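User: I am new to this structure and would like to learn how to read it step by step. Could you take me through it?

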Amino acid sequence: APIDNEDFIMVSVDVEDVPANADFIVKIHGQSMEPFIHDGDTVYVEKTSELSVGDVGIFSIDGSMYCKLYYVDKDGNMTLVSANPDLEDSNIYVSAESNISVECLGKVLLAEPVQFPAYFTDRIES
């Protein structure tokens with residue numbers, strides 16, 4: 001299904017390779033999730049707006065799409081985190097008081113969980 005009325009390409013896949021709860025796939029552009037997800041990879045996504053801290057999600061902010069690790073602190077401030085430490089500056093911080101609209105389009109289904117990068121772990125609340 002197209003996201004935000006964007007063009008899409010129908011892709012044939014082997015049903016055995018598709019996770020049972022996958023609703024759509026997204027082709028990744030960029031290196032912010034390396035070494036876990038690479039530029040050009042295709043990921044399976046479960047359509048949901050409910051994520052837990054540490055999940056990888058597909059997000060829409062002001063018409064731009066992002067694949068990032070999800071983090072929210074006790075005050076409701078959200079950070080979309082790049083796994084690639086070389087791209088720490090591409091993290092997206094959204095204050096709980098801001099008027100920025102962030103839409104979670106789904107959870108990326110991965111075989112193994114992605115850990116927060118070392119540069120970010122010191123910011124995570126216990």
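This is a predicted model: local features need pLDDT of at least 70, side-chain atom pairs count only at pLDDT 80 or more; totals for chains, interfaces and linings use all residues.

User: How many helices and strands does the chain have, and in what pattern?

Analyst: Helices (H or I, at least four residues) and strands (E, at least two) are DSSP runs, numbered from the N terminus. Here the chain has one helix and seven strands, and along the sequence they follow the pattern β-β-β-β-β-β-β-α.

User: What share of the residues counts as buried?

Analyst: A residue is buried under 20% relative accessible area, exposed over 50% and partly exposed in between, with a 1.4 Å probe and protein chains only. In this chain of 126 residues, 37% count as buried.

User: Which residues of strand E2 lie on its covered face, and which on the uncovered one?

Analyst: In a regular strand the side chains alternate between the two faces of the sheet. Strand E2 (residues 42-46) has Val43 and Val45 on its covered face, whereas Thr42, Tyr44 and Glu46 make up the uncovered one.

User: Which strands pair with E2, and in what sense?

Analyst: Two strands pair if DSSP finds at least two bridges between them. Strand E1 (residues 24-27) pairs with E2 in the antiparallel sense over four bridges, and in this pairing Phe24 stands opposite Val45 of E2. E2 is also joined by three bridges to strand E7 (residues 102-109), again antiparallel, where Lys107 is the bridge partner of Glu46.

User: How many aromatic pairs does the structure hold, and how are they arranged?

Analyst: Rings of Phe, Tyr and Trp (its six-membered ring) pair if their centres lie within 6.5 Å, and planes under 30 degrees apart count as stacked, over 60 as edge-to-face and the rest as tilted. The structure holds four such pairs. In one of them, the ring centres of Phe59 and Tyr70 are 6.3 Å apart with planes at 20 degrees, so this pair is stacked. Because Phe59 lies in strand E3 (residues 56-61) and Tyr70 in strand E4 (residues 64-72), the pair ties together parts that are 11 residues apart in sequence. Both Phe59 and Tyr70 are buried. Tyr71 and Phe120 form an edge-to-face pair, 5.4 Å centre to centre with 80 degrees between the planes, which links strand E4 to helix H1 (residues 118-121), 49 residues apart.

Methods: Residues are numbered from 1 along each chain as its sequence is written. Side-chain values use heavy atoms; hydrogens and water are left out.
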